[in-house]
Amino acid sequence: LKGPDNHPVVRVSWHEAMAYCRWLKERLLNAPDKTPEAILQCLKAGWHVRLPTEAEWEQAARGTAGRIYPWGDGPDPNRANYNDSGIGGTSSVGCFTGGETPADCLDMSGNVWEWTVSLWGKDIMEPDYQYPYRHDDKWNNETAGDDILRVVRGGAFYNSGRLVRCASRDGFNPDYRYWGYGFRLCVAPNPTLNSGDSGL
């Protein structure tokens, strides 16, 4: 659902986010004169525009040093949009430059929860796919039924500092649209879906 310019798109289901990935890949491949060369080379080599796996999302957010927040070890309302920031809604993408991750990503803490390709399980209170990850869990599966919740990461503008930590996660029905849920894309090889191997 289109909101203010340069704010995250919200009220989009997991299925709609996946459909957007497919549409964007096709559009980029068919408009090479307007596509950055590096992205075009990756797509021609068989890479995909897709939602990140949960492990990819977390690695981009916390880096190899295992930060608790993208910027360090404590919450900071000047580095991310969450309830202590006092904004009360989504903010412009990239306006919290102090919240940059080791991978140079912005807004991975707060603003909106972000869909991943990873599975949560059927019960919101008791995930079948536990954290931390085990490579035999088979927790990446694009074709799982709609009775399986999908993992969202990052927390949102209405959450506490605890819920915008890099390790914070939740499960959500892939058919639902919610005002605090959006998505982030990556251009990467497809993980070995259904095998639990994120490719990291």
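Here are some questions and answers about a predicted model.

Q: How are α1 and α2 oriented to each other, roughly parallel or roughly perpendicular?
A: Helix α1 covers residues 14–29 and helix α2 covers residues 37–44. They pack at an angle of about 110°, with their axes 10 Å apart. Angles of 65 to 115 degrees count as roughly perpendicular. The two helices are therefore roughly perpendicular.

Q: Which strands stand at the edges of the open sheet of four strands?
A: The strand order is β4-β3-β2-β5, with mixed pairing. A strand at the edge has a single partner strand, so one side is left without a neighbour in the sheet. That is the case for β4 (169–172) and β5 (181–183).

Q: By how many degrees are neighbouring strands of this sheet turned against each other on average, direction ignored?
A: The sheet in question is the open one with the order β4-β3-β2-β5. Averaged over its neighbouring strands, with direction ignored, the turn is 55°.

Q: Which residue in β5 stands opposite W113?
A: Strand β2 spans residues 113–121, and three bridges join β2 to β5, the two running parallel. Within β5, the residue opposite W113 is Y181.

Q: How many nonpolar residues are in the lining of the largest pocket?
A: The residues lining this pocket include H7, P8, V9, V93, L106 and F183. Also among them are D107, E114 and R184. By class, three lining residues are polar and three are charged, while the nonpolar ones number six.

Q: What space lies in the largest pocket?
A: Among its lining residues are N111, V112 and G182. The space in this pocket is about 270 Å³.

Key:
Residues numbered from 1 in each chain as written. Predicted model: local features only at pLDDT ≥ 70, side-chain atom pairs only at ≥ 80, totals over all residues. Heavy atoms only, no water. 1 Å grid on protein atoms, 1.4 Å probe; cavity = no way out; pocket = protein on both sides within 12 Å on 5 of 7 lines; lining within 4 Å. Points joined across faces, edges and corners; volume = space filled by probe spheres on them. Nonpolar A, V, L, I, M, F, W, Y, C, P; charged D, E, K, R; others polar. Axes fitted to C-alpha atoms, helices over the stretch in contact; angles between N-to-C directions. Parallel < 35°, antiparallel > 145°, perpendicular 65-115°, else oblique. Pairing = 2+ DSSP bridges.
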